[in-house]
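Let's take a look at how charged side chains pair up in a protein model. Have the sequence and the 3D view open as you read.

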Amino acid sequence: SKCSDCFGVPNGQAKLDLCGVCNGDNTKCADCNGVPNGPSVLDQCGVCNGDNTKCADCRGVPNGPSVVDQCGVCDGDNTKCADCAGVPNGSSVIDECGECGGDNSKCSDCFGVPNGQAKLDLCGVCNGDNTKCADCNGVPNGPSVVDQCGVCDGDNTKCADCAGVPNGSSVIDECGECGGDNSKC
């Protein structure tokens with residue numbers, strides 16, 4: 001009838017809302033800003049009136065699979081900024097010996113100079129001339145020694161007294177006795 005509301009109740013209070021819903025609250029046809037039959041829409045990122053950039057990957061594709069690697073390269077493989085150990089943005093470098101992450105010690109000479117020429121001599125002296133440990137015949141680490149008489153490879157007889165004691169004080173007395181007191185003749 002002419003005086004019925006949208007539910008068909010005579011003289012009822014129910015009216016159609018802007019969305020055409022009986023006794024509605026205008027939300028059924030509201031846009032993302034809440035305006036009934038409004039022009040605003042959600043973009044692919046779920047942003048009202050957005051431009052699809054909020055969820056765009058590094059190639060600009062909304063919700064796309066592309067990502068920026070640790071080197072800042074879109075769809076990169078982290079090798080553009082990798083150090084010599086393969087660590088992206090790592091601190092390892094090739095030392096002067098050609099070793100990744102090395103400390104220059106693998107090719108250092110005995111003075112610690114990378115790729116230096118100094119070597120230990122047979123006596124263990126850096127850049128030495130093998131004399132520090134030479135025996136009395138000049139042989140590095142050799143077996144020869146100076147005897148008590150000061151003779152190299154000597155047998156202590158050159159300075160022995162009559163009793164055979166090197167640098168001893170015994171002498172032959174007038175009677176021909178070693179260490180004697182000249183009383184036996």
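## Glu 177 and Lys 184

Start with Glu 177 and Lys 184, whose side chains come together in a salt bridge, with 3.7 Å from N to O. That term means a side-chain nitrogen of Lys or Arg within 4 Å of a carboxyl oxygen of Asp or Glu.

How open are these two? Glu 177 is partly exposed at 28% relative accessibility, while Lys 184 is exposed at 63%. Here, buried stands for under 20% relative accessible area, exposed for over 50%, and partly exposed for anything in between (1.4 Å probe, protein chains only).

## What you're looking at

Keep in mind that this is a predicted model: local features need pLDDT of at least 70 and side-chain atom pairs count only at pLDDT 80 or more, though totals for chains, interfaces and linings use all residues. Residues are numbered from 1 along each chain as its sequence is written, and side-chain values use heavy atoms, leaving out hydrogens and water.

## The other pairs

How many salt bridges does the structure hold? There are three.

One of them links Arg 59 and Asp 75 through their side chains, at 3.0 Å from N to O. Arg 59 is exposed, at 53% relative accessible area, and Asp 75 is partly exposed, at 41%.

Lys 106 also has a partner, Glu 99: the closest N and O atoms of this salt bridge are 3.7 Å apart. Lys 106 counts as exposed, with a relative accessible area of 67%, whereas Glu 99 is partly exposed, with 26%.
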